[in-house]
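I opened my notebook to go through this protein one piece at a time. Here is what I looked up, in the order I looked.

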Amino acid sequence: MPPVPLPPAPGARPDDRGHTLTSIAIRGVSRSFPTADGRLPVLDAVSFDVPERQIVALIGPNGCGKSTLLRLASGLLRPDDGSIELDGRPVTGPDPRVGFVFQEPRLLPWRDAAANVAYPLELAGWSRERRAQQVQDLLSVIGLREFAATRPHELSGGMRQRLAIARALALGPSVLLLDEPFSALDALTRERFNAELVRLWERTSTTILLVTHSIPEAVYVADRVVVLSPRPGHVVADVVVPLDRAERDANLDMLALGHVAGAIRRHLEGATDDPTREELTAEVGRQRRARQVPIEELGVPAWFDPFGREDDE
Ligand SMILES: Nc1ncnc2c1ncn2[C@@H]1O[C@H](COP(=O)(O)OP(=O)(O)OP(=O)(O)O)[C@@H](O)[C@H]1O
Ligand SMILES: [Mg+2]
């Protein structure tokens, strides 16, 4: 896939390759919504950081406030308590450094695919020629070049999600907020997009906060996985994935990845006595050394599933 030429976002700091860098700090954020029976607390004193150039996955049960947290980070909503900062400055409204892919792709139904991707570029005052080039590149990246003239209702759900991703990338954001962006994709396309997201991140220095329900996706893509409790969501674990990305691609490290995945799963199930970050890192180190040993000698049964799914039989 061709590289997307991403322009620097206004007001952001460059790294040594000229890419812009932005960190996210979530500081004691609480939010509730009014209902017929009073206020519904949705987020309860949530705090964590996404340092510049990191990918943090956010995982938690339905309704625990993940989408609400992304809307707060994007400036579409305000917290009741606490604050969210980009590069140390509180978010007070939508910010041009931030690209947002909503849980349900919010495309403009009367515009075709190309015109949907072009929309933020028009708002930013790009010339027609520059827009056309950027739109072509982005449609190539998401594999929808032949669908440039197609309207959203004629695209599949997965294609619409891909289009929403292209639109979020249009202005070269230094922060990407992704709300289950791959949930409508088939398994193979999803794997390809996970890998493509990591490649895009390597090229662009983007800071990414990714909501997902998939533990394998979180462990494959993220530097850290923040686990939220049931509503009102608060942070129950912040699990580091102590493997570099080349190691994640190597099948032999499935045991180590499976160990991290197991820790996240236990946190989601409410465990409070899980390994510390140091213990987890040490255990993964042991697993990595153990990978030199034939799998039978580790006593791992043939049906072992590294991501801890239940055996159907
Ligand atoms: N604007 C709103 N007004 C009232 N209630 C809201 C509003 N937005 C969200 N909620 C409620 O807040 C709770 C959290 O919603 P949110 O969409 O953030 O959850 P989520 O963690 O993203 O869930 P899912 O995994 O299903 O996407 C839900 O109970 C929802 O009904
Ligand atoms: Mg959601």
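**Entry: helix α3**

I began with α3, whose buried residues pack against α2 (113-123) and α4 (157-169). The model is a predicted one, so I keep that in mind for every entry. Which residues of α3 are buried? I noted R131, Q134, V135, D137, L138, L139 and V141.

Next I checked the length of α3. Helix α3 covers residues 128-141, which is 14 residues, and at 1.5 Å a residue it should span 20 Å. Its end C-alpha atoms are 20 Å apart, so the expectation agrees with the model. After α3 comes G143, and its phi is positive, near 75 degrees.

**Entry: the six-stranded sheet**

I then traced an open sheet of six strands, in the order β8-β9-β10-β5-β11-β12, with mixed pairing. Its edge strands are β8 (98-101) and β12, each of which pairs on one side only. On average, neighbouring strands in this sheet are turned by 15 degrees against each other, direction ignored. I also found α4 packed on the sheet, where it touches β8 and β9. The direction of α4 makes about 170 degrees with that of β8.

I looked at one pair of strands in detail. How do β5 and β10 run, parallel or antiparallel? They run parallel, and four bridges join β5 (residues 55-59) to β10 (residues 207-211). For L58, the bridge partner in β10 is V211.

**Entry: the four-stranded sheet**

A second look gave me an open sheet of four strands, ordered β4-β3-β6-β7, with antiparallel pairing. Strands β4 and β7 (89-90) stand at its edges with a single partner strand each, so one side of each has no neighbour in the sheet. A reminder to myself: strands of a sheet pair through backbone hydrogen bonds, either parallel or antiparallel.

Inside this sheet, β3 (residues 24-35) and β6 (residues 81-86) run antiparallel and are joined by five bridges. I found I24 opposite L86 in β6.

**Entry: around ligand 1**

How many residues surround ligand 1? I wrote down 13, and the closest are F33, N62, K66, S67 and T68. Both β4 (38-50) and α1 (66-73) supply at least two residues of this shell. The biggest share comes from α1, with three residues. Sorted by class, the shell has four nonpolar, seven polar and two charged residues.

Then I went looking for exceptions.

D87 is not a glycine, yet it has a positive phi of about 50 degrees. I placed D87 in the loop between β6 and β7. Its 18 C-beta neighbours inside 10 Å make D87 count as partly exposed.

E180 is another residue other than glycine with a positive phi, near 45 degrees. E180 sits in the loop between β9 (175-179) and α5 (187-204). Is E180 buried or exposed? E180 is buried, because 20 other C-beta atoms lie within 10 Å, and 20 is enough to meet the cut-off.

I also found a cis peptide bond between R231 and P232, with omega about -5 degrees. P232 lies in the loop between β11 (224-228) and β12.

**Entry: one loop, two residues**

I stopped at the loop between β12 (235-240) and α7 (245-249), where D244 has its place. P242 lies in this loop too. D244 is exposed, since it has 10 other C-beta atoms within 10 Å. P242 counts as buried, because it has 20 C-beta neighbours inside 10 Å.

I checked distances along the chain as well. D244 and D223 are 21 residues apart along the chain, and their C-alpha atoms are separated by 8.6 Å. P242 and R224 are 18 residues apart in sequence and 8.6 Å apart in space, C-alpha to C-alpha.

**Entry: the whole protein**

Last, I stepped back and noted nine helices and twelve strands. Of the 313 residues, 40% are buried. Among contacts with a separation of 6 or more, 70% are between residues 24 or more positions apart.

Note on methods:
Residues are numbered from 1 along each chain as its sequence is written. Chains are lettered from A and ligands numbered from 1 in the order in which they are written. This is a predicted model: local features need pLDDT of at least 70, side-chain atom pairs count only at pLDDT 80 or more; totals for chains, interfaces and linings use all residues. A residue is near a molecule or strand if its C-beta atom, placed from the backbone, lies within 6 Å of it. Ala, Val, Leu, Ile, Met, Phe, Trp, Tyr, Cys and Pro count as nonpolar, Asp, Glu, Lys and Arg as charged, and the others, Gly among them, as polar. Two strands pair if DSSP finds at least two bridges between them. A residue is buried if 20 or more other C-beta atoms lie within 10 Å of its own, exposed if 12 or fewer, and partly exposed in between; C-beta atoms are placed from the backbone. The expected span of a helix is 1.5 Å times one less than its number of residues. Two residues are in contact if their C-beta atoms, placed from the backbone, lie within 7 Å. Axes are lines fitted to C-alpha atoms, for helices over the stretch in contact, and angles run from 0 to 180 degrees between N-to-C directions.
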